[in-house]
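Please open the model in a viewer and keep a selection panel at hand.

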Number of protein chains: 2
Amino acid sequence: MIMHATRTPLATYLKHRQALIHRALDTVLPPAGEAPSVIHEAMRYSVLGDGKRIRPILTLAAAEAVGGALEEAMPAACAVELVHAYSLIHDDLPAMDDDDLRRGRPSCHKQFGEAIGILAGDALLTLSFAILSARRRRPAVWIAVARELARGAGTFGMVGGQVMDIQGVGRTPDRQAMDYILTHKTGALITAAVRMGGLAGGASRAALAKLTRYGECVGLVFQLVDDLLDRDGVVPVWGEAPTRRKAQTLTGEATQAVASLGRRAEPLARLAEFLLTRAA
Amino acid sequence: MIMHATRTPLATYLKHRQALIHRALDTVLPPAGEAPSVIHEAMRYSVLGDGKRIRPILTLAAAEAVGGALEEAMPAACAVELVHAYSLIHDDLPAMDDDDLRRGRPSCHKQFGEAIGILAGDALLTLSFAILSARRRRPAVWIAVARELARGAGTFGMVGGQVMDIQGVGRTPDRQAMDYILTHKTGALITAAVRMGGLAGGASRAALAKLTRYGECVGLVFQLVDDLLDRDGVVPVWGEAPTRRKAQTLTGEATQAVASLGRRAEPLARLAEFLLTRAA
């Protein structure tokens with residue numbers, strides 16, 4: 001059943017989608033008992049904990065916005081969430097951010113050791129492409145979805161953003177590097193999540209262009225709100241009020257971009273609003 | 001031009017193939033000057049150094065054995081070599097094997113730092129799927145090639161073998177774990193390399209089955225010869241002579257498996273012999 005965000009409170013819609021996505025992820029992840037079990041346990045531990053599931057929710061909403069079925073887009077939704085999960089595991093490693101906690105629990109390498117942490121991240125990234133390439137129907141669509149994910153996750157996307165971010169630590173912020181991080185670190189994968197949904201949902205070229213604009217805007221908003229919540233990134237440079245105004249303008253642009261897709265795109269508009277006003 | 005191993009010395013054939021593969025890898029890797037340049041430098045450093053290129057050579061030979069063109073299989077060859085390169089970078093990390101040297105030079109994390117080492121590995125794995133999903137023609141073929149790579153590289157393949165290997169350190173070798181490592185750690189990716197070539201080369205179902213058997217045998221031989229050269233793995237348990245005999249038998253089986261593919265498969269037979277008799 002498709003729940004229309006226009007008819008249900010957003011919180012209900014999000015909860016319902018989170019549950020659907022959780023169930024799908026549970027199915028695509030290898031069972032914990034399957035050998036070598038420690039890696040499967042580590043993967044499940046990292047993916048099936050609490051998570052807002054922003055990216056896969058956007059993927060599903062984008063597919064529905066162009067008339068695609070929820071189930072048809074679910075592999076794309078799972079793939080993008082696995083990539084997000086892998087990036088968190090590797091980000092938390094001692095050589096990177098060195099975080100002992102993730103979502104209120106020990107981070108993957110704290111729980112399973114550093115070697116398993118590295119390998120669990122590698123395995124999740126591999127699994128994301130395994131899921132997409134397991135599709136037997138519509139190979140041209142799914143290869144395009146995989147292309148999108150690889151672009152969003154690679155050195156011209158998420159990994160590129162992380163590299164710039166690492167290199168910037170302890171330096172005076174440079175405007176060019178700041179812009180790069182802003183659009184790449186989280187934005188590239190969010191844009192990819194939206195486009196993957198559009199592709200899986202059978203978007204026309206014109207509809208895909210609208211979704212792309214939407215994805216770029218909400219990707220930027222996501223990072224700006226992160227910066228506002230953490231009081232870092234662009235906030236110390238731009239100031240709080242200008243950063244908030246920028247995020248508001250972009251949210252308006254995102255909504256405008258998909259308005260002509262009609263009622264089916266209303267969840268996307270409400271999700272954009274949610275991403276602007278979120279408090280965590 | 002296709003060089004027939006039957007008409008040229010194997011050393012010439014290998015050198016020619018290595019040069020072709022090197023050129024192709026050089027093209028698929030982002031230029032070192034492209035931002036963020038450090039990650040692209042690290043990727044190029046790790047991939048474009050000396051390498052035997054066993055896996056991509058097998059991919060190309062498998063494609064040709066079923067009548068495919070060399071150029072058509074090159075993206076598959078590059079993808080499998082990038083996965084191999086990523087696995088070496090992550091294996092060398094302090095939390096894994098902690099190796100300072102790789103192919104006579106500082107390992108990636110020694111040269112670029114641990115964070116960039118982790119990210120360069122991630123980026124190479126991502127790039128391997130980017131290359132496969134960039135194919136616009138024959139999407140059903142290329143999605144099957146990607147499926148094969150994901151299977152060979154994941155937790156039921158290479159990563160699974162590494163996990164078992166890590167867990168076995170300092171323990172009494174257990175027969176089941178030893179068999180698992182033997183078939184998974186290097187064998188799974190080698191089998192995938194051969195099958196990927198077959199798929200890219202347009203193999204029939206029957207021909208693919210023959211290539212699969214060939215790949216499984218040479219994958220095992222590769223690991224057995226590694227163990228013989230390093231005097232570890234199965235050698236302390238099975239003994240040197242039985243291990244060598246097993247490798248010889250498997251090489252015979254590999255050659256037999258592809259014999260009915262005719263003259264086009266002769267390079268595969270000669271490569272199997274080479275893998276058995278290699279001294280490094």
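A residue is termed buried if 20 or more other C-beta atoms lie within 10 Å of its own, exposed if 12 or fewer, and partly exposed in between. Please bear in mind throughout that this is a predicted model. The model scores ipTM 0.96 and pTM 0.96. For chain A the mean pLDDT is 94, and 96% of its residues reach 70 or more.

**First stop: M96(A)**

Select M96(A), which sits in the loop between α4 (70–92) and β1 (101–102) of chain A. Is this residue buried, exposed or partly exposed? M96(A) has 18 C-beta neighbours inside 10 Å, so it counts as partly exposed. Now display its contacts, leaving out residues up to four places away in sequence: M96(A) touches H90(A) and D91(A), and also A115(B) and I118(B) of chain B.

**Second stop: the two chains together**

A rotation of 180°, with 0.0 Å of shift along its axis, places chain A on chain B with an RMSD of 0.0 Å. The two copies are thus related as by a two-fold rotation axis. The same surface serves both copies, since 100% of the contact residues of chain A recur in chain B.

Next, select the residues at the contact between the chains: 40 residues of chain A are in contact with 40 residues of chain B. On the side of chain A that touches chain B, the elements giving two or more residues are α2 (37–47), α6 (114–133), α7 (139–153) and α8 (158–168) of chain A. Which element provides the largest share of that side? The answer is α6(A), with twelve residues. Coloured by class, the side of chain A that touches chain B shows 27 nonpolar, nine polar and four charged residues.

Move to chain B and select α6 (residues 114–133). This helix has 20 residues and reaches 29 Å from its first C-alpha to its last, close to the 28 Å expected at 1.5 Å a residue. Of the 20 residues of α6(B), 19 are buried, so the helix is largely enclosed by the rest of the structure.

Within helix α6 of chain B, pick G121(B). With 30 C-beta neighbours inside 10 Å, G121(B) counts as buried. Apart from neighbours within four places in sequence, G121(B) is in contact with Y86(B), I89(B) and H90(B). A distance may be drawn from here to H22(B): G121(B) and H22(B) are 99 residues apart in sequence and 18 Å apart in space, C-alpha to C-alpha.

In soluble globular proteins, nonpolar side chains tend to be buried together. Which members of the largest nonpolar core touch the most other members? Of its 193 residues, these are A120, L149 and V221 in chain A, and A120, L149 and V221 in chain B. Centre the view on L149(B), one of this group. Setting aside residues up to four places away in sequence, L149(B) touches A79(B), V80(B), V83(B), S128(B), L132(B), A192(B) and M196(B).

**Fifth stop: points along the backbone**

Most residues other than glycine have a negative phi, and most peptide bonds are trans.

- A35(A) and P36(A) are joined by a cis peptide bond with omega of about -10°; P36(A) is in the loop between α1 (10–28) and α2 of chain A.
- A35(B) and P36(B) are likewise joined by a cis peptide bond, with omega of about -5°; P36(B) lies in the loop between α1 (10–28) and α2 (37–47) of chain B.
- D98(A), in the loop between α4 and β1 of chain A, has a positive phi near 55°. With 11 C-beta neighbours inside 10 Å, D98(A) counts as exposed.
- R103(B), in the loop between β1 (101–102) and β2 (105–106) of chain B, has a positive phi near 50°. R103(B) also counts as exposed, with 11 C-beta neighbours inside 10 Å.

**Last stop: helix α11 of chain A**

Finish by selecting residues 205–230 of chain A, helix α11. At 1.5 Å a residue, its 26 residues should span 38 Å; the end C-alpha atoms are 37 Å apart, which agrees. Just after α11(A), R231(A) takes a positive phi of about 55°.

Definitions and conventions
Residues are numbered from 1 along each chain as its sequence is written. Chains are lettered from A and ligands numbered from 1 in the order in which they are written. This is a predicted model: local features need pLDDT of at least 70, side-chain atom pairs count only at pLDDT 80 or more; totals for chains, interfaces and linings use all residues. Helices (H or I, at least four residues) and strands (E, at least two) are DSSP runs, numbered from the N terminus. The expected span of a helix is 1.5 Å times one less than its number of residues. Copies are superposed by least squares on the C-alpha atoms of residues with pLDDT of at least 70 in both. Two residues are in contact if their C-beta atoms, placed from the backbone, lie within 7 Å. Ala, Val, Leu, Ile, Met, Phe, Trp, Tyr, Cys and Pro count as nonpolar, Asp, Glu, Lys and Arg as charged, and the others, Gly among them, as polar. A nonpolar core is a set of buried Ala, Val, Leu, Ile, Met, Phe, Trp, Tyr and Cys residues joined through C-beta atoms within 7 Å. pLDDT is the predictor's confidence in each residue, from 0 to 100.
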